[in-house]
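Here is a short briefing on a two-chain model. Look at the structure, then read the points by topic.

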Amino acid sequence: MNYLENLLKIFVSSSVINNIILIQFLGLCSYIGLTDSLSSSIGMSFAVIFVTVSSSILAWMIDNWILIPAGLQPALQITSFILVIGSFVGLVEIYIKKASPNLYKAMGIYLPLIATNCLILGATFINSMNKYDFVESIVSGFGIAFGYAIAMLLLAGIRERLRNSDVPAFFKGKAIAFMISGILSLAFLGFSGMIK
Amino acid sequence: MNKLKIIWNAIIPNNPVLIISIGLCSVIAVSNSVQSALLMTFAFAMVQIPSNIIVSAMRKIIPHEIRVPIFVSVIAAFTTIAALLSQAYFNSVYQIIKLYILLVVVNCIIIGRAEAFAYQNGVFDSFLDGIGNTIGYGIVLVAIAIIRELIGKGTLAGIQIMPESYQPMLLMILPPAGFIMIGILVGALETYLKRKEGKK
């Protein structure tokens, strides 16, 4: 029971309290770039959830079974994690291309972009820094990606409405997206202190 | 003149952070104190300049199909060097912003410059482009850090600047202010560039 409670704590803390975008600022490029429309941000969220969870698993295996026993952890960690994620995104790309060509066409440009999304590499580093065990890493990876999806959908929903509203000339374009994120971030700050 | 233009382009008209809006994560996260901002700029320079040089020097022998994995491996090597160097010499600040220094490896500015500039231009030009992008990134980062730390804590790089009676505005060093500051700067620079365009 205690272990389950611990897992729940990790999930809540990584998804809302330390929300990866609004509090920790990782993965902002796609957050600002892709939230122009609700549909593309939904597709991106699912892809990110999938890749983050699977690369959390792979990176944990490499970290704990190869790098730590061999004493290579600080020197080779960055290189091996980025290669894991890079090859993984490549695999996902090939799979989606085969399984559903339509989805592949719709996400074409954004799929390879996932490899350079700092959120996923960040999630593997967060797992490694907190010395999570195998299940904890999966839960934390899922929580982080879930937090990303929440933030994406919030901003995309607001920006869709914003299209028809009267924005001051100074803030037209990207600037207003940042201001809204600031306010959203203020709201998420309210969750801090929920877990000691 | 042409060489100076390479540097200038990266600082104002094509500022990587404010105009192209890439590499934002570390800018917003690290800009709540001047010390971390300076260390981050140092780490960024340690990766951006040498990786631009290496990619440009090897551009004729890198096959087009696998160029991205090669870029990433080069960048990862320099990121490891930068992380170990900052851990050795600036450990107290490094512990605070560790995650963001490790993540320089996926900083879109560095990968973007390797792809868009270093892969197509000579070694010396790429070196200048690296310097220009470092300045363009660093200026924004340090400027935001100065404003946020001064208002939020009343200090600069840990030294008390504001008088004792000053009540620090805590919000400025919390996450939301990072987004708001960037929003104001993006708005300001875009308005400035639009006006300049209008005059021509």
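A search over all chains of the whole structure finds three salt bridges. A salt bridge here is a side-chain nitrogen of Lys or Arg within 4 Å of a carboxyl oxygen of Asp or Glu. Between chain A and chain B the count is zero.

This is a predicted model, where local features need pLDDT of at least 70, side-chain atom pairs count only at pLDDT 80 or more, and totals for chains, interfaces and linings use all residues. Residues are numbered from 1 along each chain as its sequence is written, chains are lettered from A in the order in which they are written, and side-chain values use heavy atoms, with hydrogens and water left out.

- Side chains of opposite charge can pair when their charged atoms come close.
- B:R67 pairs with B:E115, with the closest N and O atoms 2.9 Å apart. This pair links distant parts of the chain: B:R67 is in helix 4 of chain B and B:E115 is in helix 6 (residues 108-118), 48 residues apart. Helices are DSSP runs of H or I with at least four residues, strands are runs of E with at least two, and both are numbered from the N terminus.
- B:R67 is buried at 17% relative accessible area, while B:E115 is partly exposed at 27%. Buried means under 20% relative accessible area, exposed means over 50%, and partly exposed lies in between (1.4 Å probe, protein chains only).
- B:R113 and B:D129 meet through their side chains at 3.0 Å, N to O. Here too the pair links distant parts of the chain: B:R113 sits in helix 6 of chain B and B:D129 in helix 7 of chain B, 16 residues apart. B:D129 is buried, with a relative accessible area of 1%.
- A:R163 forms a salt bridge with A:E160, the closest N and O atoms being 3.7 Å apart. A:R163 is exposed at 56%, and A:E160 is partly exposed at 31%.

**Interface of chain A and chain B**

- Contact means heavy atoms within 4.5 Å. By that rule, 35 residues of chain A touch 37 residues of chain B.
- The buried area is about 3,200 Å², and carbon and sulfur atoms give 82% of it. Buried area is the accessible area (1.4 Å probe) that two parts lose on being put together, summed over both.
- In chain A, the residues that lose the most area to chain B are A:F25, A:I78 and A:F178, together 21% of what that side buries.
- Helix 2 (28-34), helix 4 (73-99), helix 7 (118-129) and helix 9 (174-189) of chain A each give two or more residues to the side that touches chain B. Helix 9 gives the most, with nine residues.
- That side of chain A divides into 25 nonpolar, eight polar and two charged residues. Ala, Val, Leu, Ile, Met, Phe, Trp, Tyr, Cys and Pro count as nonpolar, Asp, Glu, Lys and Arg as charged, and the others, Gly among them, as polar.

**Positive phi in chain A**

- Most residues other than glycine have a negative phi.
- A:F25 is not a glycine, yet has a positive phi of about 55°. A:F25 lies in the loop between helix 1 (2-17) and helix 2 of chain A, and is buried at 4% relative accessibility.
- A:K131 also has a positive phi of about 55° without being a glycine. A:K131 is placed in the loop between helix 7 and helix 8 (134-162) of chain A. With 71% relative accessibility, A:K131 counts as exposed.

**Packing within the chains**

- Buried residues in helix 1 of chain A include A:L7, A:I10 and A:S14. The buried residues of this helix pack against helix 8 and helix 9 of chain A.
- B:E149 lies in helix 7 (residues 123-153) of chain B and is buried at 2% relative accessibility. Leaving aside neighbours within four places in sequence, the contacts of B:E149 include B:N32, B:Q35 and B:T155.
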